[in-house]
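Biologist: I would like to go through the labels on this model with you. Could you set each one against its definition as we go?

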Amino acid sequence: MQQSAVPELAHTHTRPIHWVATATAVAGVVALSSILQPNPATAAQAAGPETKGAPAVTAPPDPAGVDFPIECGPVKELVQKQASGDLDGDGRPETVVVVHCDAAMGTPPDGVYVLTRTAETGKPRVVATLVAPKDRLTVTDFALRGQAVLATLLGYSSADVPSCCPDVKDSAKWQWKNGAFIRSTPGGTRTV
């Protein structure tokens, strides 16, 4: 057997001080790596020529907490129906709601309101009234189709008709044109 020409190396025999030095070095690397982290990843991409000027998609306005122009006295307002869509083509959704007073008896009249978000705070607010409660109408078959609001309206032929029994049925369609919601009636007014 041939003897090694190199004398025995000191680090070939482990001693407790070697373990302490190794543990200290590993702890230092872990601590340093936790401090030096890369920037967090994001899903958003920098705006390029194809996305420049594209409107940001936002959530539709939530009607909760909106002050509707309806007088309910001691009872609360009730959002009966709602639908959301981009009605004016600006890339931001609006919400259309049917609201009436939560009366214990009778048929309270409905109001139909369009909500959008304010540019400054993003808080929902009423921007248009399509049906005012003073018109004494009840809204049925409410829907959004494309950029149009569709509804069937039940009303009264005179003030003498009791609130329980609407005797006029009308179809209505509203669309955003030239800065306002314009109502068109597909069919003529029909009695119920």
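Biologist: Happy to start with a contact list: which residues does Thr116 touch, not counting residues up to four places away in sequence?

Modeller: Thr116 touches Pro61, Glu94, Lys123, Pro124, Arg125 and Val127, where contact means heavy atoms within 4.5 Å. A word on the source: this is a predicted model, in which local features need pLDDT of at least 70, side-chain atom pairs count only at pLDDT 80 or more, and totals for chains, interfaces and linings use all residues. Residues are numbered from 1 along each chain as its sequence is written, and side-chain values use heavy atoms, with hydrogens and water left out.

Biologist: Thanks! Why is Thr116 called buried?

Modeller: Buried means under 20% relative accessible area, exposed over 50%, and partly exposed in between (1.4 Å probe, protein chains only). Thr116 has 12% relative accessibility, so Thr116 counts as buried. Its place is in strand 3, residues 111-117; strands (E, at least two residues) are DSSP runs, numbered from the N terminus.

Biologist: And what makes His100 buried?

Modeller: His100 is buried because its relative accessible area is 13%. His100 lies in strand 2, residues 94-101. Leaving aside neighbours within four places in sequence, its contacts include Ile70, Leu78, Gln80 and Pro108.

Biologist: What joins the side chains of His100 and Gln80?

Modeller: A polar contact of 3.2 Å joins them. The term covers a pair of N or O atoms within 3.5 Å; within protein, one must be able to donate a hydrogen and the other to accept it, and residues adjacent in sequence count only if both atoms are side-chain atoms.

Biologist: Good. How many salt bridges does a search of the whole structure find?

Modeller: The search finds 3 salt bridges. The rule asks for a side-chain nitrogen of Lys or Arg within 4 Å of a carboxyl oxygen of Asp or Glu. Asp170 and Arg183 form one of them, with the closest N and O atoms 2.7 Å apart. This pair links distant parts of the chain, Asp170 being in strand 7 and Arg183 in strand 8 (residues 180-184), 13 residues apart.

Biologist: Is Asp170 buried or exposed?

Modeller: Asp170 counts as buried because its relative accessibility is 12%. Arg183, at 38%, counts as partly exposed.

Biologist: How far apart are the closest N and O atoms of Asp135 and Lys134?

Modeller: They are 3.9 Å apart, and the two residues form a salt bridge. Lys134 is exposed because its relative accessible area is 71%, whereas Asp135 counts as partly exposed at 41%.

Notes. Helix = DSSP H or I, 4+ residues; strand = E, 2+ residues; numbered from the N terminus.
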